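Please look at the sequence and the structure together, and then follow the paragraphs below from one element to the next.

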Amino acid sequence: EIDQQVFERLCVEAYSTFRNTEVAPLVEISPNEYLLELFHGPTLAFKDVALQLVGKLFDHVLAQRNKRVMIVGATSGDTGGAAFDGVASCRNVDIVMLYPNNRVSDVQRRQMTTLTAKNVHAVAVDGTFDDCQDLVKAMFNDEKFRDANQLSAVNSINWVRVMAQVVYYITALEKLGRSAVFSVPTGNFGNVLAGWIAKQMGAPIDGFVVASNKNDILTRFFESKKMTSNEVVPTLSPSMDIQVSSNFERLIFEMNNRDGIATAKQLVEFRSTGELNVAAGSYQKWISGVFVGRRCDDEETLTTMRDVYKKSGMLIDPHTAVGLSAARQSAGVDYPKEVPMITLATAHPAKFPDAVRRATGETPKLPEHLADLMSRPERSVSLPNDLKAVQAFVAGCRN
């Protein structure tokens, strides 16, 4: 749909905002142990890799069509700031982002609430990220409301989000020059799903360690072959404080041989009972030998951050620490020790200064372009976990 030369130009423009010319540098921290740094974008998180491009694509296509859209999204922390930064300059986009009140870091919140662009609107919802995600899905499922407000998405409901993330798995392997295992800190399963798609496309990936914090629904699934939801527990890695992993639906769809009706039935049952079962044959074919689940609590998270700092002088954020802890648990157990393990470093340590300081005694500094972030005035709205209230606000934000 988009001319190759135009697409290449949009990619160059999107990634020119990154502080590292490699965009996603691969850093060796010990023998066969690597970090893939995905936090060099403008909002210091891996979401920038996709959302800087998504913003450019939105503006290009909407200008061609002479249309304006209203993006609604949910964030557990990083998507909001990255989406706002990606579309704040878009001439044909308004955006409303829902985030769980008091469940994101101060830096994550301020990256949403301090922007002065008139087309961006941050909404603190009285609930969890899962509640925010449910509200967004409900708005998209309300066909009349969706059409009247020209709704569009930047969450991984939008396929381009996942598509753009596939790329860094392949470029990481090109830099490494051999096959590897990837350890991916994840809550919503989108990042690791992108890796799985890269593997399906032929990338030499030996497997995935799916790294969870105490909200370990995915780890428990890989252990028991059964998905059972629990209450969300706040942790030091808030972007992973999720129980309903939206993108897992896409893997279930593949496991069901792309049978949408069967997939929908399973998901409705999961919503009503809190349980989802997978046939033994499907699990063996799609999961075994591809994914393993590992968990890391807050104490282990701090220990990992402390260890990396002590041995290398490097500060890492708590989400990256969850991934690295999981990789270390898995090395020599799930995969041979001589196989390279690449952990996705998903956020800059300065996004979580309290956790980093608690682990290491050091306070990471924000990059220069965000140095005054904590003193900028904030602008946000607080709403109850109520669909009608949120829909009324969204409808009122259209320019």
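A crossing of two helices is called left-handed if the near helix is turned anticlockwise from the far one by less than a right angle, and right-handed if clockwise. This is a predicted model, in which local features need pLDDT of at least 70 and side-chain atom pairs count only at pLDDT 80 or more, while totals for chains, interfaces and linings use all residues. Residues are numbered from 1 along each chain as its sequence is written, and side-chain values use heavy atoms, with hydrogens and water left out.

Helices (H or I, at least four residues) and strands (E, at least two) are DSSP runs, numbered from the N terminus. Helix α3 (residues 78–87) and helix α4 (residues 106–113) pack with their axes 8 Å apart, at an angle of about 30°, where axes are lines fitted to C-alpha atoms, for helices over the stretch in contact, and angles run from 0 to 180 degrees between N-to-C directions. The crossing of α3 and α4 is left-handed. In their contact (heavy atoms within 4.5 Å), Asp 78, Gly 80, Gly 81 and Phe 84 of α3 meet Gln 108, Gln 111 and Met 112 of α4.

Turn next to an open sheet of five strands, whose order is β6-β3-β4-β5-β13 with parallel pairing; two strands pair if DSSP finds at least two bridges between them. The edge strands, each pairing on one side only, are β6 (151–152) and β13 (381–383). Strand β5 (residues 120–125) pairs with β13 in the parallel sense over three bridges, and Val 125 stands opposite Leu 383 in β13. Helix α4 packs on this sheet, touching β4 (93–100) and β5.
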